[in-house]
Amino acid sequence: QVQLVESGGGLVQPGGSLRLSCVASGFTLDTYVIAWFRQAPGKEREFVAAAGWSGRNLYYADSVKGRFTISTDNAKNTVYLQMNSLKPEDTAVYYCAAARTTRTMTAVDEYDYWGQGTQVTVSS
């Protein structure tokens, strides 16, 4: 019943843009901390961006600050990750995650619900 479904991934050239979406069901996102993580082949899952309750307290990893924007649409129960100026280093499977509350907003083990992931590949 509780489900997060990501979409919007794909293949883009360096410098390009993508907008990822994550639709929640079984709960309302505005009462949860919502985050994006990513995992590249052979690497651990890493924090990308998060938004507090009702989209407050936006927080970004240093590697994406100024390029990525997390936002929420409460009416659609959806969280977005707008990714601009993409770099090859951004290539990964991107996951959305939700938690009732967190300590740091950045730790994988703080999140209760996870989507299935969507592949983002930045390459020429």
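1. The side chain of Asp-90 makes a polar contact with the side chain of Arg-67 at 2.8 Å, where a polar contact is a pair of N or O atoms within 3.5 Å, one able to donate a hydrogen and the other to accept it, and residues adjacent in sequence count only if both atoms are side-chain atoms. This is a predicted model, in which local features need pLDDT of at least 70 and side-chain atom pairs count only at pLDDT 80 or more, while totals for chains, interfaces and linings use all residues. Residues are numbered from 1 along each chain as its sequence is written, and side-chain values use heavy atoms, with hydrogens and water left out.

2. Asp-90 counts as buried because its relative accessibility is 2%, buried meaning under 20% relative accessible area with a 1.4 Å probe and protein chains only. A polar atom of the Asp-90 side chain also lies 2.8 Å from the backbone nitrogen of Lys-87.

3. The structure holds one disulfide, that is, a pair of cysteine sulfur atoms within 2.5 Å, and it joins Cys-22 to Cys-96 with an S to S distance of 1.9 Å. The torsion about this S-S bond is about 55°, so the disulfide is right-handed. Both Cys-22 and Cys-96 are buried.

4. The largest nonpolar core has 38 residues, and those with the most contacts inside it are Trp-36, Leu-81, Met-83, Tyr-94 and Tyr-111; such a core is a set of buried Ala, Val, Leu, Ile, Met, Phe, Trp, Tyr and Cys residues joined through side-chain atoms within 4.5 Å.

How values were computed
Buried < 20%, exposed > 50% of the residue type's maximum accessible area, 1.4 Å probe, protein only.
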